[in-house]
Amino acid sequence: MQQRNIAYDYLRTLAIVLVAILHSWSLLQMDVPEYGVMCYLYRAIVDAGVPLFVLISGALVLSSPIISISDFFKRRLTRVLVPFLIWGTMIYAVAIFRKQYADIHGIRDAVVNWIPYLVYNKINVSHWFVHMIVALYVLTPVLQRVLHAKEGKRMCEYMLVVILGCLILRWFLPQIFIISYCSTLLGYIGLYLAGYYIANYGATFSKVSWCYGIVAIILYIVNVLTKCPNSLLTNLTAVALFGMVVSMQLRRPLPSCKIVVGVSRYSYMIYLIHILIICAIYQFAHIEEPKGWMPLVVGVGVITLCSLGCRLLDLVPGRWKTYLGISK
């Protein structure tokens, strides 16, 4: 039996921590130039959280054996959509009870608007990630068949070069008509493919991990110095971080690593609920003059609270936990 590569657990834990810090930071309204270098230091790294999740998905999902399309969607979309529907509905009900929607005045309005609110991401803005990952999953059966073919490596390299070229052109020459149609999804497709490529071809020897690390540091510094953090640089920073950790070829965890593995397993459920806890903390704390260290403390604290709650649920036997977003 193949040993678990806990590199992905470390990456997933890092990703969810960065996402929590990002939302803790933005909800304090500190993501503005008035906060100077603190704003740039945060933005250049916390925005890498979601790209890391996409890289991990690409490495694991695209590398998995090809199965029938129906089985693929049954397995993958069920794991993503069912927890999304459950938590989205619960958050929707709480919001209605607190009368947060001006266009909902009764049970009938609530029922009629339930699905549209989920589809148009009006319940919890942070749930946009679910919509994006579903779009990538829709493309996955096609991508898998291309990547697992005889010329799969060369096709992957070709697609990555084309996507990177388009993103660079969009950065420097956004006025070009055809480039203006390159949606944000194109960048996530590139990350999805990059995760697969690095996991299979770009992290063979552990000696290259320090090279990835140096590249990540350089990209981060450049992104901070630009004073206008760029999504392309942030994505490339995430790619370098991903390559550094994956190339370490971590396998059997030490006892101290159990926490990392646990947070990794709970990361999807944490993603779906963490912003509510952050909002609740700020609502009761009444912070008037936020400090630069607050998002870091709140983000890590929320991850800790959510992980403990998930751990308690995990102690209860039954497969129903997977429907809440707790993976095996």
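The protein chain contains twelve helices and zero strands, where helices (H or I, at least four residues) and strands (E, at least two) are DSSP runs numbered from the N terminus. The model is a predicted one, in which local features need pLDDT of at least 70 and side-chain atom pairs count only at pLDDT 80 or more, whereas totals for chains, interfaces and linings use all residues. Residues are numbered from 1 along each chain as its sequence is written, and side-chain values use heavy atoms, with hydrogens and water left out. Along the sequence, the pattern of the chain reads α-α-α-α-α-α-α-α-α-α-α-α.

Taken along the principal axes, the C-alpha atoms fill a box of roughly 55 × 50 × 50 Å. Of the 328 residues, 45% are buried, where buried means under 20% relative accessible area, exposed over 50% and partly exposed in between (1.4 Å probe, protein chains only). The chain exposes about 17,800 Å², of which carbon and sulfur atoms supply 69%; accessible areas come from the Shrake-Rupley method with a 1.4 Å probe, and for residues only the protein chains shown count as cover. Among contacts (heavy atoms within 4.5 Å) between residues at least 6 apart in sequence, 79% join residues at least 24 apart.

Grid points are joined across faces, edges and corners, and a volume is the space filled by probe spheres set on the points. The second largest pocket has a volume of about 450 Å³ and is lined by 24 residues, of which Asp47, Trp128, Tyr188, Ser231 and Asn235 lie nearest its centre. Elements giving two or more residues to this lining include helix 1 (7-27), helix 2 (37-46) and helix 10 (231-246). The lining of this pocket divides into eleven nonpolar, nine polar and four charged residues, with Ala, Val, Leu, Ile, Met, Phe, Trp, Tyr, Cys and Pro counted as nonpolar, Asp, Glu, Lys and Arg as charged, and the others, Gly among them, as polar. The structure also holds one cavity of 30 Å³ or more, and residues lining the largest cavity include Phe84, Tyr117 and His127.

Three individual positions were also examined. Ser64, in the loop between helix 3 and helix 4 (69-97), counts as buried at 16% relative accessibility and touches Arg76, Gln144 and His148, not counting residues up to four places away in sequence. Thr140, in helix 6 (residues 128-147), counts as buried at 0% relative accessibility; leaving aside neighbours within four places in sequence, Thr140 is in contact with Val61, Leu62, Phe72 and Tyr192.

Terms used
1 Å grid on protein atoms, 1.4 Å probe; cavity = no way out; pocket = protein on both sides within 12 Å on 5 of 7 lines; lining within 4 Å.
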